[in-house]
Amino acid sequence: MLRDITIGQYYPEKSVIHSLDPRVKLAGALIFIVSVFLFENIIGFLVMTAFLAMCIKLSKVPFKYMVKGLKAILVILILTAVLNLLWSPGETLVQFSFIRITKQGVYNSLYMVIRLSYLVIGTSIMTLTTTPTRLTDGMEKGLHFLNRCKVPVHEIAMMMSIALRFIPILMEETDKIMKAQMARGADFESGNIFQKAKNMIPLLVPLFVAAWRRASDLAMAMEARCYHGGEGRTKMKPLKYQQMDKKAYGVLFFYLLVMIVLKVIL
Amino acid sequence: MSLILNEVNYYYGKGTNLVSHAVKDVTLTIEDGEFIGIIGHTGSGKSTLIQHMNGLLKPTSGGVYYNGRDVHDGSFKLKELRSHVGIVFQYPEYQLFEATVFDDVCFGPKNQGLKDNEAGLVAFEALRDMHIPPEMYYQSPFELSGGQKRLVAIAGVLAMKPDMLILDEPTAGLDPRGRKEILNLLSRLNREKHITVVLVSHSMEDVAEYVNRLIVMDKGSIAFDATPKEVFAHYKELETMGLAAPKVTYFMHQLKEKGWQVDTSAITVEEAKKSILAAIRR
């Protein structure tokens, strides 16, 4: 259940994608997201799938591991599919009393499901191959220019890295509390949706208390080490672009170009 | 009434590149009324092992048998097993969630299907057994001190009337008085209510004083399974596993080297005292 969420988790491995500069991967994820919403036809979809498959192959992360991330949004996927299927205008395909399925509806729901799944898989590639620290380092450096318009880039990056860092910790904590309550006879699986929600109380209350405690401990530890934000802070491992990163940018822009061209000519 | 683990193996993260073999070929029989200690270095598989004992983890290979029945054969209700075998996890105070101490202790019995008044009765008994003063029963568990919270959490498991109580480092992070209190209460439960107690611990002194059988885990397998005296006689081997004998045993060995006729198998302060006094009189 909760343990299946792989979004934000890191999968250690030695691959080309893993060794890329986090800024490249961030840009890549952004370009991919844009392209996901650009395509409207089968060719764009094929190009996108090929690109995604290439990234997965290069990252050496098992495909199974990425699909696991989809389980978490399964409900959203099903809901999107059903809503699009039932409430789309256009040429009627099938009709049972008040339910009317249109050709447009079938396309819409199919595309939406693909879009959402690709969105999750695409961003999973980024998080699975980049440690949270490097990811936020990349974000901080990549968005540094925003500092001039008084955007607290460092603080936002710090908040993000803490949030990402806490996902596996809270997950572990959930697992522990769940087991402790199961040892006391708690049941998290059976019952209808209301009973299930009620059964979650013994899990959620301690989890919330734990999250609160951890947050305040962390704040205290940061203050004890005189943390005062990003000003004048230097890095132990400053980010520098390598030859590989430049090539990767090339590939990315080529991909974006192909998607735009396809969008224009088709 | 016995719990048997037969050639249990457990792997974490199977199917990824982060596989770890946490429990290796563990075969173990726990009889009624025993007071067992499990010691081992951090990451030696103690916590993973105990989670097999009430079916929270299913062994990757091997079997777990309660009263001669395979607990994973499908017909055995795991919920039922969990009322017989109670586990108190590390830092159990983090599992408290109800508005009052009393309600929290009632959670387990109610899950067993007891009515409110019946659950209340067993909760009272458990709270009394854990020496919780009655004025605390209707306080919020979050207002109590760390040691009291822990006693309440243990009472929460005890209220389910288990035949066997497994505790994962119940004394971690407590002061000496709190430690002693919890250990004495457990020892009483073992003696008077004949509850089998399995104590996972890092403290050699604690296990030396309380348990009558000691299991040493090393890298996922059982290294020793004997009485504390027998186990601590191998103190040189224990050291290679990142463990040690009680301090008093080392002291006795040093006395012996200095020419005193003392018993080097002494593992508690009390035994050491007797042996030293006897040596002085001689």
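Modeller: Two helices of chain A, α3 (42–59) and α11 (243–265), each supply at least two residues of the nonpolar patch. Keep in mind that this is a predicted model. I43(A), for its part, lies in helix α3 of chain A.

Here is the membership. The patch is formed by I42(A), I43(A), L46(A), L257(A), I260(A), V261(A), V264(A), I265(A) and L266(A). Together these residues have about 890 Å² of accessible area.

Now the contact between the chains. Chain A brings 21 residues to it, and chain B brings 24 residues. About 2,000 Å² is buried between chain A and chain B, 61% of it on carbon and sulfur atoms. On the chain A side, K179(A), A183(A) and R184(A) lose the most area to chain B. Together they make up 37% of what that side buries.

R184(A) also takes part in a salt bridge. Its side chain meets that of D104(B), at 3.0 Å from N to O. The count of salt bridges between chain A and chain B is one. Polar contacts link four residue pairs across the two chains, both residues at pLDDT 80 or more.

Which elements of chain A give two or more residues to the side that touches chain B? They are α4 (63–71), α8 (153–183) and α10 (201–224). By class, that side of chain A has 13 nonpolar, two polar and six charged residues.

Technical notes: Residues numbered from 1 in each chain as written. Chains lettered and ligands numbered in written order. Predicted model: local features only at pLDDT ≥ 70, side-chain atom pairs only at ≥ 80, totals over all residues. Heavy atoms only, no water. Contact = heavy atoms within 4.5 Å. Buried area = accessible area lost by both parts, 1.4 Å probe. Salt bridge = Lys/Arg side-chain N within 4 Å of Asp/Glu carboxyl O. Polar contact = N/O pair within 3.5 Å; in protein donor to acceptor, adjacent residues only side chain to side chain. Helix = DSSP H or I, 4+ residues; strand = E, 2+ residues; numbered from the N terminus. Nonpolar A, V, L, I, M, F, W, Y, C, P; charged D, E, K, R; others polar. Patch = residues over 30% accessible without salt bridge, like charges linked within 9 Å, V, L, I, M, F, W, Y side chains within 5 Å. Areas by Shrake-Rupley, 256 points an atom, 1.4 Å probe, with all protein chains shown as cover.
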